[in-house]
Amino acid sequence: MHIIGFDIGGTKCAVFLCRLEGDTIIWNDRKEIQTTSDWRAVLDTLCVYGERMLETHEVSRPDCRIGISCGGPLSPDRKIICSPPNLPGWVSVPIVSYLSEKLQMPARMLNDADACALAEWKYGAGKGSLHMIFLTFGTGLGAGLILNGRLYTGACGMAGEVGHVRLKEDGPVGYGKAGSLEGFCSGGGIRQMAIDKAKQMEKEGKKASFQTGEKEEIKAKDVAEAARAGHKDAAELLKESGTYFGRGLSMLIDILNPEVIVAGSIYARTHEFMEPSMWEEIRREALASSAAVCRIVPAQLGERIGDYGAVMAAVYE
């Protein structure tokens, strides 16, 4: 069986073609484009590339299906993108029917956190576990929950929206809420924290190590690179993010008692700066017995985790 996969993200979108042989994924082709607010233009462009892949690799449509991984919220039947905070302009997008009609094959979609949770559970850092939480920690922060060996999505498909939980009365905004877990622990949140820190340092007559141009142009990536270069201001900022991450993880540990929490994207690239403060907060906040049986590890599937997630969306029953 072949799969045309769509990984829909706040910064970029990708389409790819792969072949499944048992549990083995054979990657054939891939194309990535920038995400814009014009969802039709983005999907139409991706479909053009998808059609070319089918022709190049001589794949017949009856042998192929579509898998879509996209950030939530999604409709309860997982056919419509509602209005994700990291996808401005993508309001009530009937993506499943749209792509199915365009490419003339069946399509399925999963929330990206759920899709990537299944991917890390089957192929990555959560392999072999029975109770696992996956956290996106990318443009936004969402959770995919594997409980008792099954994906748990909740009464209306909204389980796992942990980024919406408020940790502090005020703070960086994430998921439309100041002081939320997503505000402190996401690319957008770290960017806000970095801009605020740069402004404060400027008042003190200093320049932030992670500011290379205008303050508004600072990105989470700049903070990570400055921290790796040994700059204390950047490391302190990631330490603060790690503290709030530990606070959020403590709630998940106490409530769900997982064996393993797998964190992707930014955490996977910067965990060495976040782990000390993260664990300090977990030791302070979480039940000791529950924390003792929980591993917290970076995602293993790297930059292609979204592709793996789209494969899981296509095949998961």
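Helices here are DSSP runs of H or I with at least four residues, numbered from the N terminus. The model is predicted: local features need pLDDT of at least 70, side-chain atom pairs count only at pLDDT 80 or more, and totals for chains, interfaces and linings use all residues. Residues are numbered from 1 along each chain as its sequence is written, and side-chain values use heavy atoms, with hydrogens and water left out.

**Second largest pocket**

- A pocket is an open set of points on a 1 Å grid over the protein atoms alone, where a 1.4 Å probe fits, with protein on both sides within 12 Å along at least five of seven lines.
- The second largest pocket has a volume of about 180 Å³, volume being the space filled by probe spheres set on the points, which are joined across faces, edges and corners.
- Helix 5 (187-203) and helix 7 (232-256) each give at least two residues to its lining; lining residues have an atom within 4 Å of a point.
- Among the lining residues are Lys168, Asp170, Phe184, Met193, Lys197, Glu236 and Leu237.
- The lining splits into four nonpolar, one polar and six charged residues. Nonpolar covers Ala, Val, Leu, Ile, Met, Phe, Trp, Tyr, Cys and Pro; charged covers Asp, Glu, Lys and Arg; the others, Gly among them, are polar.

**Salt bridges between helices**

- Side chains of opposite charge can pair when their charged atoms come close.
- The structure holds 15 salt bridges, each a side-chain nitrogen of Lys or Arg within 4 Å of a carboxyl oxygen of Asp or Glu.
- Lysine 197 pairs with glutamate 236, with the closest N and O atoms 3.8 Å apart. This pair links helix 5 to helix 7, 39 residues apart.
- Lysine 102 and aspartate 44 form a salt bridge at 3.3 Å, N to O. Lysine 102 lies in helix 2 (residues 95-103) and aspartate 44 in helix 1 (residues 39-56), so the pair ties together parts 58 residues apart in sequence.
- Arginine 247 bonds to glutamate 281 in a salt bridge, the closest N and O atoms being 2.9 Å apart. Here helix 7 is linked to helix 8 (residues 265-285), with the two residues 34 apart.
- Arg30, Glu32, Arg304 and Asp307 are linked in a salt-bridge network.

**Exposure of the partners**

- Buried means under 20% relative accessible area, exposed over 50%, and partly exposed in between (1.4 Å probe, protein chains only).
- Lysine 197 is partly exposed at 24%, and glutamate 236 is partly exposed at 36%.
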